[in-house]
Amino acid sequence: MYITTKLGNPHYTPEVSTKTTIINFAVKQQGLEAQLLGIVVQKEQPALERQKSDLTLRVAAGKKKLVDLEDEILRLLSETEGSLLENEDLVDTLQQSKVTSDDVSRQLKEAEDTEIRIDLKREEFRSAAIRSSIAYFVLNDMARVDPMYQFSLDAYVDLFNQSMDESRTNAKSISSADRCRQINIAHTLSVYKYTCGGLFERDKLLFALQLCLRILTSEGNIPKQEFDFFCRGGMVSDRSDQRQNPCPEWIDAGTWDNITELDSIPACMGIASSFEQGHRDWRAWFTSSKPEEMSLPGDWENKVTELQRMCIVRALRLDRVLFCANRFVSVNLGPQFADPPPFDLEAIFRSSTYRTPLIFVLSPGVDPTAQVKSLAKKVGANIDICALGQGQASIAMGLLDSGLRKGSWVLLANCHLMLSWMPELEKCINEYCAPTEDSNRAPNRDFRLWLSASPSPHFPISILQRGIKMTTEPPRGLRANLIKLYNSVSEDRFMRCQQRFKYRRLLFALCWFHAVLLERRKFKSLGFNVPYDFNESDHDICHDLIIVFLDEYPDNTPFDAMRYLIAEANYGGRVTEALDRRLVNVYINEFFTPLAVDPQTNFNLAPQMADSPYTIPNDADLPSCRDAIRKFPQSDVATAFGQHANADISSQIEESNTLLDTIVSLQPKVLHDSAESYETQMLRHCSTLQEQTPPAFDVRAIRTTMEPRADPEPMKTVLYQEVDRYNALLLTLHQTLKALELGVQGLVVVTPELEETMGAILDSKVPLSWSRCYPSLKPLLPWMQDLVRRITALQKWTFEAYPRCFWLPGFTYPTGFLTAILQTSARRNGVAIDGLSWEFPVVDVPAASITQHAKDGSYCCGFFLEGARWDYDNSCLTEPVPMELCCSMPVIHFKPVEMKKKTARGIYSCPIYLYPVRTGSRERPSFVISCDLRSGTQSSDHWTCRGTAMLLSTMH
């Protein structure tokens, strides 16, 4: 029995693997290279390839003849009785075989000499085969990024042939090297354009960069040490021998780690010392808005390659890595590879046949049905549409049968809702695509099958490989979203409201509100805690709501009712986080005001933006509104959303980290010359981590020490709970590291969990089994340093004294610690704990300088402020320094109080989160508590739009 799979890297359980013989039939790069070389030579030198094929057959036939003769001699020898010399048949056969053997050997020698000459000629086209095989495997790797990125080898070979045909020129005589160069340029660009149509926008730069890096690596132009630094950055486990940071005021510890590690690369040696000599020039470069386009300080501009420039940008300005990578691709492959081709549905249709399904890979809030219907109308095709769901299988099959007979189009929408039926569709597609000589059963050549589906790992691979994939994404940018919304408004609907002036201005404010909510998601956690999928139906309902309210209340516009129904009932219906709802209400209160409909006011929709171009057109008709929108800037600045310019940097750093992590995950696990083996690396990492991991707590000794002390009982309980949690983590670390050492040495079985841990450690990431005690985004080395600090804090509390100031990030559950403070205060003052709330006086004294315990509550430190800065002189929030994404907060006194008054004006309720992922997870929410801080010269709404919050842990 034979079983096949289309999975690229299937994983079978040990029980299955031991009972079967698994054969890997997947194509390898060398094999594909040889196959493509044959295709190139057949196209460019067909006589040579025929000669090679004939020669191969003759050589094989000659060798077979020799084997047959040997077999015949052995048969005769085994059957001969008596003297061998008396067997005339045997003697004749031996004589004949000698003559034949000499003749065949001579022919084989001549054939081998001829084959060498042919192979030398064929080798002239090797570079085209190498480039095309590299491009295929880059394409193949994209399936590990998203399961919908599946491409078949047959389609790729067709594309390769097409590229060779299109690259041919009229030149009569052209050298093999020049012809290969033509093929490489044309085919690489064809692969890029062909692939980009089926990639999401976020993955197009990844594909171009991977293609560029693999090509340059094959040419020997990517030094491994430089590439590893670009992907992983610099990680320093021991800073005792590190060169001193000459500019600590603008270079933080993590950035200096990058610089000192970059200095160890031969080509960049001396860069660390250049900061001591030319720190002003480096700071000017560092603070520039586009450092990747600026000349590097000193003579570094003329010393470095483009890859080394990327390493410098990665070390100092991680937020600009995407832009620098784009430049790298443009310089090495050409500017056309840095500018993805526009989406052209008609051109994609023209390139399809009835055998190739056209597959839309969906994004939230986007429906391609209207585009397909419009194209069908344009080309004169009939189209049948079926939205898949429960009970729609028979209808879909009926439409397919009808379409195959009549040559009409069939659109099966939302295939992800019927994944269980997809194997039936796969079988149907395979049947009608199979070649047949029966003209009655052959499908109509005008037939087209259109599919739409959200990304799913369970979508049939064969359909994805056979079809043409297209991604559908919503427009990007405020301007594009406004244009889309106004294009959806008909003239009749625009003229429906009786209160024309108010309606036109409020409609513009509503469209702006919708666009701001959609585009704010690009700021990641500074935008929304949860990225919500607002869509056009939300806007349309609110649009009708405005018309109804204005017509029913012509004299007194009910702004309160409109704001509530829009922000709370409609858009707010999708919002699950209370703090996100607060933000939505701030926006609606800003845009829906009496000033927005005041004819004397040029209402500014982005008041925090200097010289804002975003104003509501004054009583403009529909075409005038569209013209006004087209004059808006094509690129958005953060201040248009009420954000600080640093918010762009935060989101770009996150996108850069995602790109680099993905590149690391796609790298083949191959050892290079002079590189130490993975086993050696693993043993070295395990030894280092075991030395750094603190020993587990002695719980009995801790309880014996704490029992007689006067620490509050609720606080002792918190300490015992924290010790138990950290003990579980420490024991896991010690056991896992020991098991890894034994597993690498082959002394124990390496389980899937151990294998996963091993991969994470080699990639300098925290294994999943180690991150269950408390959430963190830190890489492995900073995480281990942070763990040691946490354990040290608990040891000082246990064996020295009750802390005067608590380091709040050291608790696995800070909420438990805060509850213990309330319990302590309630018992001391004889009040119910439910009647207590908080005050948060900020103490402008360093934690180390606090000499006494708080009379009530506790002093806490270890906070990082994101989206703002603390003004120590005025003890209030203020605007952050450019390029400073997080800053330290002073000590805060968490003080329980009874019957706290309502929050006063000038106070911002600042949320505190465990770590940068503000939503946390379902098991561990990230939100801790909201802390009241003075908002300074700005209103609390200003800091709400900024996304200002405090974090107990950062990424480094």
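A polar contact, as I use the term here, is a pair of N or O atoms within 3.5 Å. I am working from a predicted model.

**Entry 1: Arg-179**

I began with the side chain of Arg-179, which makes a polar contact with the side chain of Glu-44 at 3.0 Å. I placed Arg-179 in helix 7, residues 176-196. Is Arg-179 buried or exposed? I noted a relative accessibility of 4%, so Arg-179 counts as buried, the cut-off being under 20%. I then listed what Arg-179 touches, leaving aside neighbours within four places in sequence. Glu-44 is on that list, together with Phe-125, Met-164, Ser-167, Arg-168 and Ile-174.

**Entry 2: the chain as a whole**

I looked up the confidence next. The mean pLDDT of the protein chain is 89, and 97% of the residues reach 70 or more. Confidence is lowest in helix 4 (residues 88-123), with a mean of 76, and highest in strand 17 (residues 949-951), at 97. I kept in mind that where pLDDT is low, the predicted coordinates should not be read in detail.

I recorded 35 helices and 17 strands in the protein chain. The C-alpha atoms fill a box of roughly 125 × 80 × 65 Å along the principal axes. Of the 956 residues, 48% count as buried. The accessible surface comes to about 47,600 Å², and carbon and sulfur atoms account for 51% of that surface. I also checked contacts between residues at least 6 apart in sequence: 74% of these join residues at least 24 apart.

I traced an open sheet of five strands in the order 2-3-4-1-5, with parallel pairing. Which strands are at the edges? Strand 2 (383-387) and strand 5 are, each pairing on one side only.

Leu-358 has Trp-450 in strand 4 as its bridge partner. Helix 17 (residues 369-379) packs on this sheet and touches strand 1, strand 2, strand 3 (409-413) and strand 4. I noted that the direction of helix 17 makes about 180° with that of strand 3.

**Entry 3: Thr-471, on an edge strand**

I stayed with strand 5 (residues 468-471), where Thr-471 is located. Strand 5 is an edge strand, yet Thr-471 is buried, with a relative accessible area of 10%. What does the side chain of Thr-471 reach? I found the backbone oxygen of Leu-199 at 2.8 Å. Beyond four places in sequence, Thr-471 is in contact with Gly-197, Gly-198, Leu-199, Phe-200 and Val-361.

I turned to another open sheet, with five strands in the order 13-10-17-15-16 and mixed pairing. Strand 13 (886-888) and strand 16 (927-934) each have a single partner strand, so one side of each is left without a neighbour in the sheet. Neighbouring strands here are turned by 30° against each other on average, direction ignored.

Strand 10 (residues 864-866) pairs with strand 17 in the antiparallel sense over three bridges. Glu-866 stands opposite Ala-949 in strand 17. I found helix 26 (residues 578-591) packed on the sheet, touching strand 15 (907-913) and strand 16. The direction of helix 26 makes about 145° with that of strand 15.

**Entry 4: strand 7**

I checked the side chains along strand 7 (residues 836-839) and found that they alternate. Strand 7 runs antiparallel to strand 14 (residues 891-898), and four bridges join the two. Ser-837 stands opposite Val-897 in strand 14.

**Entry 5: helix 9**

Which residues of helix 9 (residues 224-232) are buried? I listed Glu-226, Phe-227, Phe-229, Phe-230 and Cys-231. I then looked for what covers the buried residues of helix 9: the cover includes helix 8 (201-218), helix 10 (253-263), helix 14 (306-316), helix 15 (321-332) and helix 28 (646-666). Gly-233 follows helix 9, and its phi is positive, near 75°.

Key. Residues numbered from 1 in each chain as written. Heavy atoms only, no water. Buried < 20%, exposed > 50% of the residue type's maximum accessible area, 1.4 Å probe, protein only. Polar contact = N/O pair within 3.5 Å; in protein donor to acceptor, adjacent residues only side chain to side chain. Contact = heavy atoms within 4.5 Å. pLDDT = per-residue confidence, 0-100. Pairing = 2+ DSSP bridges. Axes fitted to C-alpha atoms, helices over the stretch in contact; angles between N-to-C directions. Areas by Shrake-Rupley, 256 points an atom, 1.4 Å probe, with all protein chains shown as cover.
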